Amino acid sequence: MSLTFYCFLLSVIMFSLGILIFILKKNFFFMLIGLEIMLNACLLLFVCAGNYWNNEIGQIIYIFMITISSAEICINLSLLFNFYKINNTLNISSLSELKK
């Protein structure tokens, strides 16, 4: 088995783990962690696919996406802090109380 196969396998495992965390946890912080794990799995897949086809496009996409992801993290953390400041909890079920 080649290194590319193990990279594909690792990205599938990471994506599955991210989905499980996102579905099973009701905490806003852990849901963001699940999303980031899924995003990193996709980025790893881009790099592996680029390596498999001897193309640098996957690495270039990785650089662009990790830049966008860092901006996304800043926005999500500010939302998380504001959500905690208002509700004193990170439980996502309390989000429905904001409509009232």
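Leu77 lies in helix α3, which spans residues 57-87, helices being DSSP runs of H or I with at least four residues, numbered from the N terminus. The model is a predicted one, in which local features need pLDDT of at least 70 and side-chain atom pairs count only at pLDDT 80 or more, while totals for chains, interfaces and linings use all residues. Residues are numbered from 1 along each chain as its sequence is written, and side-chain values use heavy atoms, with hydrogens and water left out.

With a relative accessible area of 33%, Leu77 is partly exposed, a class that falls between buried (under 20%) and exposed (over 50%), as computed with a 1.4 Å probe and protein chains only.

A nonpolar patch on the surface is formed by Phe15, Ile19, Leu20, Phe22, Ile23, Leu24 and Leu35, which together have about 610 Å² of accessible area. Such patches are made of residues with over 30% relative accessible area and no salt bridge, nonpolar side chains (Val, Leu, Ile, Met, Phe, Trp, Tyr) being joined within 5 Å and like charges within 9 Å; a salt bridge is a side-chain nitrogen of Lys or Arg within 4 Å of a carboxyl oxygen of Asp or Glu. Helix α1 (residues 3-24) supplies the largest share of the patch, six residues. Ile23 is located in helix α1 and is exposed, at 54% relative accessible area.

Asn54, in the loop between α2 (28-52) and α3, has a positive phi of about 50 degrees although it is not a glycine, and is exposed at 68%.

Key. Helices (H or I, at least four residues) and strands (E, at least two) are DSSP runs, numbered from the N terminus. Accessible areas come from the Shrake-Rupley method with a 1.4 Å probe; for residues, only the protein chains shown count as cover.
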